[in-house]
Structures are given as C-alpha cells and as structure tokens.
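Me: I'd like a close look at just one part of this protein, please. Keep it friendly, as I'm new to this.
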Amino acid sequence: MNDNSPVSSWRSFPAAQQPAWGDTGELRRVTDLLGTAPPLVFAAECDLLRARMAAVARGEAVMLQGGDCAETFDRLTADAINGKMRTLLQMAVVLTHATSLPVVKIGRLAGQYAKPRSSPVERRDGVELPSYRGDAVNGVEFTPEARRPDPRRLKRMYESSATTLNLVRALATGGFAGLGQVHTWNRGFVANSEAGARYESIADEIDRSIAFMRACGVDTTELSSAEFFVGHEGLLLDYEAALTRTEAESGRTYATSGHMLWIGERTRDLDGAHVEYFSRIANPIAVKLGPGATADTVLALIERLDPLREPGRLTFVVRAGADRVRDVLPTLVEKVRAEGAPVCWVSDPMHGNTITAPSGHKTRNFSDILDEVRGFVEVHRALGTHPGGVHMELTGDDVTECVGGGNGVLAEHLHHRYETACDPRLNHTQSLDLAFLLGEMYRGRPGSRSS
C-alpha cells in the first residue's frame with residue numbers, strides 16, 4: 001500500500017484515542033477482511049448528503065442529527081431503531097413547519113460504537129482496568145476479560161451497522177416516514193402528553209397546511225418516504241481505513257462506513273492522524289468545537305479540511321456549554337465569515353452541559369440544553385448568519401437520563417431507567433419538547449419555558 005494513499009497516510013501522524021490493541025495479528029486479519037467487504041454506504045449517497053449540506057450552508061435548509069451517545073450490540077433491535085427514527089422524523093416535521101425549510105435528517109446510527117475517553121484507565125476499589133471505549137473495542141463490564149480491547153469487535157461493528165442500515169433504508173422508503181403518519185404521531189404527543197399540550201396551536205397549523213396541500217391537488221405520494229442519512233464519529237482509524245474506497249470513475253476516495261463522519265473535540269489536532277485522514281476523503285465531514293476552540297484553530301481546520309471552500313463539505317458542531325456559547329461563538333462565526341468559507345454551523349447542546357447528580361449518575365439538565373440552543377440561535381440572529389441546526393444525543397425510549405423537560409424527570413428519578421452505555425440522552429418526550437421550542441426560536445417566538 002502506498003504510504004501516501006488516503007488509506008495509509010494518516011499512519012505517519014500521531015493518532016489520539018486509539019485502543020491499545022494487544023493482538024496486532026488479529027487486528028490485521030480483521031481489517032484485511034473489512035477491506036474486501038461491501039461498502040456500508042455509497043459514493044452517490046454521500047454526494048447527495050453533501051449537496052443537502054450545501055443548502056444548509058447557504059441558509060436554505062436545517063440539519064437535524066440525533067441518536068445514541070454510544071450504540072451497543074445487545075440493544076440492536078428493530079424497536080430501538082424504530083424509536084430513534086420515529087423521534088427524529090417527528091422532530092423534523094416540527095422544524096420543517098417552523099422554518100419553512102427542508103430538514104436534513106442524519107441519525108447517529110450504524111457506526112456510533114466507539115467513544116473517546118478522558119482517561120485510558122478506570123479505577124474501582126483499588127482495581128485499575130482499561131476504560132470502556134465502546135462496544136467496538138471492549139465490554140462495559142468491569143472485568144479484565146471484558147475490558148481487554150478485542151479487534152474481532154470491529155467485525156461485529158460492521159455487521160451490526162449493516163443490519164441497522166438495512167432497517168433504516170426500509171423504514172425511510174416503506175411508508176413509515178410518510179408525512180401523514182409522522183404528523184399523526186405528533187398529534188398523539190400533543191393530545192396525550194402534558195408536555196405536548198402547549199403545542200396544540202402548532203399542530204393545528206400543520207393540520208391546516210396538510211389540508212391545504214390536499215385541497216390544491218398536490219401529489220402527496222412523494223411525501224410517503226424520507227431522505228435519511230447516517231453518521232458517526234470517525235474515531236477508530238483502523239476501521240475507517242479498512243472501509244475506505246476509491247471510485248474508479250471519479251478517482252475520489254470515500255469513507256464508506258457512513259454518509260457523514262465527524263472529528264471529535266479530543267482528536268481535532270491539526271497535526272494529528274484524524275485531521276489527515278479526514279482531509280483525504282470526499283464525504284461531507286464535521287468537526288466538534290469545544291469552548292477552548294480559537295478562531296486561528298478554526299481557520300486552520302478550514303485550510304486543512306476544505307481548502308477549496310466547497311459548500312456542504314465542512315460543518316462545525318459547537319459544544320461550548322450554555323454558560324459559554326454566547327461568548328465563544330460570535331468571534332468564530334465572524335472570523336469564518338470574513339474568510340468567505342461556506343461552512344455549516346450546528347449546535348451540540350449536550351456535551352458541554354454534563355453534570356453529576358448526587359446519586360453519582362452523569363446527567364444533563366434540560367434547561368441548560370435549551371439555553372445553549374437558544375444562545376446559539378441568538379448569536380446567529382445577531383450576526384445575520386444561519387443557525388444551521390442541532391446535533392443531539394437522544395433515544396425513542398422513555399429513559400430517565402436527563403433531568404427536566406416537559407415530562408419532569410427529577411434527579412431522584414434517574415435510577416429508574418438509566419440505560420445509556422456512556423452519556424445521558426434525551427428521551428422521546430424531551431426530544432419532541434426541544435423540537436417544538438426550537439421551532440419557536442426559529443420563528444422568533446420566545447420559547448422561554450426551560451424547566
């Protein structure tokens with residue numbers, strides 16, 4: 001393999017957050033197998049998403065991305081996938097109506113099996129073991145056997161992602177995602193949920209819009225399906241490289257593990273392996289920016305990752321925290337705008353607002369999540385730029401992992417259904433609550449309830 005090829009050039013750079021694979025022979029066997037496996041996604045699909053993200057960059061669309069913090073092999077069920085897709089589709093209908101713009105729907109699905117960690121080891125009662133890095137690497141159980149990085153899990157990650165994608169594609173085109181169906185779900189949320197009651201006027205407006213289209217003879221058959229894409233953090237470079245393919249016709253190279261991949265806050269080193277790998281693939285890509293991101297760093301990332309300034313190529317996902325977003329974001333947006341770089345700006349209001357409850361559970365307060373989104377929108381409105389959307393950790397289940405929101409999860413409720421493998425997620429009701437409130441922000445309404 002050419003050391004300067006997109007598959008290999010990253011190996012000459014320091015690679016952060018990579019597992020200490022003990023059995024390098026087994027790692028080579030697995031990656032060789034994945035190197036000949038069918039792609040999970042196709043170049044044309046990635047190009048279509050890139051075109052859709054170009055519309056977001058121009059202010060002509062909104063992006064909605066959501067799903068598990070970390071997918072797990074044992075929770076790969078049709079019901080779980082249905083629930084996440086249903087939640088995202090419901091949120092998208094609300095945002096489409098509120099913004100009068102198309103919503104680009106991307107699941108944190110079919111590949112979100114690896115997580116960066118703040119420490120390579122975890123200690124309990126004097127015992128030290130490798131940290132859990134996601135099911136693609138090791139097991140969550142605190143035993144030496146489970147925590148040992150196992151390259152064979154990469155093969156299972158591929159197989160699980162393929163299973164998820166098969167169902168996602170079937171649901172997106174088989175009537176599950178139809179506008180009428182999704183609106184009926186939202187109507188049920190409004191009618192049956194205390195949280196949803198305040199949104200009845202919006203639901204009524206959507207009713208009238210659908211009735212108007214039908215009265216005008218609009219062909220609604222095209223509304224029986226939905227475009228739906230998948231993405232994940234491109235963390236495990238051995239896995240991503242094994243699934244990298246070059247199109248013979250165009251000569252363009254794609255990561256075929258997902259439509260959109262992103263670089264995390266911990267791996268966006270300009271001289272690191274992740275930035276090098278991402279600079280060589282043609283997918284639409286994103287970079288997470290924490291509160292310490294400087295304008296110089298952001299401009300340098302643009303030079304490395306989008307030197308041709310192509311709309312739809314690069315998205316910045318801001319995770320500054322509710323208390324910092326209004327201070328951090330304006331300078332970044334102004335500097336990028338001055339450079340004429342057509343990037344997409346998206347809010348991740350989850351990662352900057354994690355706290356520890358008295359019970360020891362990691363959690364997030366809905367009021368903080370909402371305030372960061374509000375601050376993100378306010379900054380863009382003040383600057384005359386486009387708040388391009390949101391990137392959420394959520395589930396379709398009624399978990400109790402984040403406190404607050406319309407269903408009133410309290411800190412003492414966290415243990416009832418705390419099921420995440422890593423970070424806390426919004427449940428179905430909290431996710432829809434946020435979508436309606438975000439819709440009000442886009443429409444210039446106050447949307448002030450934040451408990």
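At what angle do helix α11 and helix α12 pack, and how many Å apart are their axes?

Reply: This is a predicted model, where local features need pLDDT of at least 70, side-chain atom pairs count only at pLDDT 80 or more, and totals for chains, interfaces and linings use all residues. Residues are numbered from 1 along each chain as its sequence is written, and side-chain values use heavy atoms, leaving out hydrogens and water.

Now to your pair. Helix α11 covers residues 325–339 and helix α12 covers 366–383; they pack at about 40 degrees, their axes 9 Å apart. (Helices are DSSP runs of H or I, at least four residues, numbered from the N terminus; axes are lines fitted to C-alpha atoms over the stretch in contact, with angles from 0 to 180 degrees between N-to-C directions.) So α11 and α12 are oblique to each other: under 35 degrees is roughly parallel, over 145 roughly antiparallel, 65 to 115 roughly perpendicular, and the rest oblique. The crossing is right-handed, as when the near helix is turned clockwise from the far one by less than a right angle.

Who touches whom? On the α11 side, look for Val325, Arg326, Leu329, Pro330, Val333, Glu334 and Arg337. They meet α12 residues including Asp371, Arg374, Phe376, Val379 and Leu383, with contact meaning heavy atoms within 4.5 Å. By class, this contact has 7 nonpolar, 2 polar and 7 charged residues. (Ala, Val, Leu, Ile, Met, Phe, Trp, Tyr, Cys and Pro are nonpolar, Asp, Glu, Lys and Arg charged, the others, Gly among them, polar.)

Helix α12 has another partner, helix α13 (residues 428–442), at about 25 degrees with axes 11 Å apart. That makes α12 roughly parallel to α13, and their crossing is right-handed. From α12 come Phe366, Ile369, Leu370, Val373, Arg374, Val377 and Arg381. Facing them in α13 are Gln430, Asp433, Leu434, Leu437, Leu438, Met441 and Tyr442. This contact of α12 with α13 has 10 nonpolar, 1 polar and 3 charged residues. Watch for Arg374 as you look: Arg374 is listed in the contact with α11 and in the contact with α13.

Conventions
Helices (H or I, at least four residues) and strands (E, at least two) are DSSP runs, numbered from the N terminus.
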